[in-house]
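Please view the sequence and the model together.

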Amino acid sequence: MFADFYTYQLHTVVMVISASLFFIVSIFGSYAFLFKTPAAIKSYRFRFLYINSAYQLNIFFLGFFGRLEFKFKTLVILCAELSGLVQLVDRRMAYVELAVIIYGLVSIVNAVFLTTLHRYFLICHPQSLYTSSPRWQIFTGSVVSLCSGAVIVSIEILSFTLHDEDSQAMRGDVLVICFEYNRLFALFVVTAVTYFSILVSLCYILILRIVWKLRATLTIASKKTMEMQRALTITLLVSVTLPATVGGIPVLVCVYAFFNRLEHLEVFFRLLFLASTWLGLLNIFATILLVEPYRNALLPCLRAKKNLSTVVMPKFYTVQINDNK
């Protein structure tokens, strides 16, 4: 049975390796975004950094700070087991992690939406106030990010209450926190799923408008410009599709397992957390490989590695000696 195979110990090893691999790749990605972004697309520099940072926040807490394990204690009491760096700090930081993880998920969707919105205004409304005013862009991004995150996290906090005074304790090598969820939990789930669905749908609509506009305006553009615009559009499409599929499907499966109280609930959440980690890894890989300046920034490293691994084999010649005198 898969639940017997994918144990907590195996999940811990896979999560740490996956999170470490993500941070290694994201460091190279951050370097490319900061120093290898050409002037033609410099307005996307901090947009890509925002998306990458949102993934870094979430994956750090899921992979290193406190790896989560959810189990039912009774029909209405849910226990969260945490292991990792959270065991070395104040135990109250466990509550911070539960809030930060939800805020991180909201931040990922917000970052993708704001990047898509930014590109939409640049392409379809280049003379608008949003395009011409960096302050307005900062204000819009701050309102969307802070307000949506604060509302959803607040509902999450209100939907759980501590089960008892001893609900926070150490069991073996894990920190355990038990909650009793109330009627607001259904509101939290509905609010989060609805918000994510609306933003993802808006992203697809805006990308479709961008494609129509580019088809009408790039007929006389240079080949290099057309390739760059096409690469940026495909990158945005991938950035939207990855959370909607790799992240969205496991979330819906976990919600179904939670409300129907399926056996081995912890396995569903293990796969969700693992998918969230690989979601960030796939996103940074896609951005680097699809956008030519970032892809070309890695070629010198690849060439150097190839040259180091090349071995020059000497040639041997056979000389025939004539013994006849």
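Which residues in α4 meet which residues in α8? From α4 come Val112, Thr115, Thr116, Arg119 and Ile123. From α8 come Gln229, Leu232, Thr233, Leu236, Ser239 and Val240. Contact means heavy atoms within 4.5 Å. By class, this contact has five nonpolar, five polar and one charged residues. Ala, Val, Leu, Ile, Met, Phe, Trp, Tyr, Cys and Pro count as nonpolar, Asp, Glu, Lys and Arg as charged, and the others, Gly among them, as polar.

The model is predicted: local features need pLDDT of at least 70, side-chain atom pairs count only at pLDDT 80 or more, and totals for chains, interfaces and linings use all residues. Residues are numbered from 1 along each chain as its sequence is written, and side-chain values use heavy atoms, with hydrogens and water left out.

**Helix packing**

Helix α4 covers residues 93-124 and helix α8 residues 223-259. Helices are DSSP runs (H or I, at least four residues), numbered from the N terminus. The two axes come within 10 Å and cross at roughly 150°. Axes are lines fitted to C-alpha atoms over the stretch in contact, and angles run from 0 to 180 degrees between N-to-C directions. α4 and α8 are therefore roughly antiparallel (over 145 degrees). The crossing of α4 past α8 is left-handed, with the near helix turned anticlockwise from the far one by less than a right angle.

Two contact residues deserve a look. Thr115 in α4 is buried, at 1% relative accessible area. Buried means under 20%, exposed over 50%, partly exposed in between (1.4 Å probe, protein chains only). Thr115 touches Arg47, Ile51 and Leu236, leaving aside residues up to four places away in sequence. Ser239 in α8 is also buried, at 4%. With the same exclusion, Ser239 touches Val112 and Asn283. Its C-alpha atom is 9.8 Å from that of Ala111, 128 residues apart along the chain.

**Aromatic pairs**

The structure holds 25 aromatic pairs. Rings of Phe, Tyr and Trp (its six-membered ring) pair if their centres lie within 6.5 Å; planes over 60 degrees apart count as edge-to-face. Two such pairs follow.

| Pair | Centres | Planes | Geometry |
|---|---|---|---|
| Tyr120 and Phe121 | 5.5 Å | 75° | edge-to-face |
| Phe258 and Phe259 | 5.6 Å | 90° | edge-to-face |

Tyr120 is buried at 10% relative accessibility. Phe258 is buried at 4%, whereas Phe259 is partly exposed at 39%. One aromatic cluster takes in Tyr95, Phe160, Phe179, Phe185, Phe188, Phe258 and Phe259.

How values were computed. Helices (H or I, at least four residues) and strands (E, at least two) are DSSP runs, numbered from the N terminus. Angles under 35 degrees count as roughly parallel, over 145 as roughly antiparallel, 65 to 115 as roughly perpendicular and the rest as oblique. Rings of Phe, Tyr and Trp (its six-membered ring) pair if their centres lie within 6.5 Å; planes under 30 degrees apart count as stacked, over 60 as edge-to-face and the rest as tilted.
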